[in-house]
Amino acid sequence: MKKRMLLYFGSFDPIHNGHIALAEYAIERGLADEVALIISPQNPFKRDVLQTPEMMRYEMAEMACQASRYSDRIKPSVVEFVLEKPSYTINTLDYLRENNGAEMNFSIITGSDIWARFDEWKDYERILNEYKIYVYPRKG
């Protein structure tokens, strides 16, 4: 049986307890076997935002994941560091499916604020048709 991998995309700048709490919630509710925090080095919607260097964000995410209740099942990922910039979700999904699709089923979790702009994402209709998407409410 394929492993169920939940992809949690974000800048994680900085990572905080809410990010980890959501990943833990997903594991506890059986939404996935594992959660990957996909650290986006260049979000297309934040081109003009000065960000902490990507490896520093990865290191902070790694420490936060290690301190989580499910450190063996919640991990940061650098997959977007090696892909073309800016980081389009569909490109990452295609790469992951091509390289890991035989072993894993991928789904996505995102905040309601991001979901409100989902129709602006590159190839959003294809993402909707090919992946399960979980949306969590965010204040404001």
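Reader: What volume does the largest cavity have?
Author: This is a predicted model, and a search of the whole structure turns up 1 cavity of 30 Å³ or more. Its lining is made by E80, L83, E84, P86, S87, Y88, N91 and T92. The volume of the largest cavity comes out at about 40 Å³.

Reader: How do the residues lining the largest cavity divide by class?
Author: The lining includes L83, S87 and E84. Sorted by class, the lining of the largest cavity has 3 nonpolar, 3 polar and 2 charged residues.

Reader: Is F12 buried or exposed?
Author: F12 is not a glycine, yet its phi is positive, near 50 degrees. The cut-off for buried is under 20% relative accessible area. F12 has 3% relative accessibility, so F12 counts as buried.

Reader: And what about D123, with its positive phi: how does its accessibility count?
Author: D123 has a phi of about 55 degrees without being a glycine, and D123 sits in the loop between α4 and α5 (124-130). D123 has 40% relative accessibility, so the label for D123 is partly exposed.

Reader: In what order do the strands of the open sheet run?
Author: The sheet has 5 strands, and the pairing is parallel. β3 (74-77) and β5 (132-136) each have a single partner strand, so they stand at the edges, with one side of each left without a neighbour in the sheet. Neighbouring strands are turned by 30 degrees against each other on average, direction ignored. Read across, the order is β3-β2-β1-β4-β5.

Reader: What is the bridge partner of L6 in β4?
Author: β1 (residues 3-10) and β4 (residues 104-111) pair in the parallel sense over 6 bridges. In β4, the partner of L6 is S107.

Reader: What angle does helix α2 make with β3?
Author: Helix α1 (residues 17-28) packs on the sheet, touching β1, β2 (34-39), β3, β4 and β5, and its direction makes about 150 degrees with that of β2. Helix α2 (residues 54-66) packs on the sheet too, touching β2 and β3. With the direction of β3, the direction of α2 makes about 175 degrees.

Reader: Which residues does E24 touch, leaving out those up to four places away in sequence?
Author: E24 lies in helix α1. E24 is buried, with a relative accessible area of 8%. Its contacts are S68, R69, Y70 and I74.

Reader: Which element gives the most to the lining of the largest pocket?
Author: The largest pocket has a volume of about 780 Å³. Of its 34 lining residues, the closest to the centre are F9, G10, S11, N43 and I114. The elements giving two or more residues are β1, α1, β4 and α4 (112-115). The one that gives the most, with 4 residues, is β4.

Conventions. Residues numbered from 1 in each chain as written. Predicted model: local features only at pLDDT ≥ 70, side-chain atom pairs only at ≥ 80, totals over all residues. Heavy atoms only, no water. Pairing = 2+ DSSP bridges. Axes fitted to C-alpha atoms, helices over the stretch in contact; angles between N-to-C directions. Contact = heavy atoms within 4.5 Å. 1 Å grid on protein atoms, 1.4 Å probe; cavity = no way out; pocket = protein on both sides within 12 Å on 5 of 7 lines; lining within 4 Å. Points joined across faces, edges and corners; volume = space filled by probe spheres on them. Nonpolar A, V, L, I, M, F, W, Y, C, P; charged D, E, K, R; others polar. Buried < 20%, exposed > 50% of the residue type's maximum accessible area, 1.4 Å probe, protein only.
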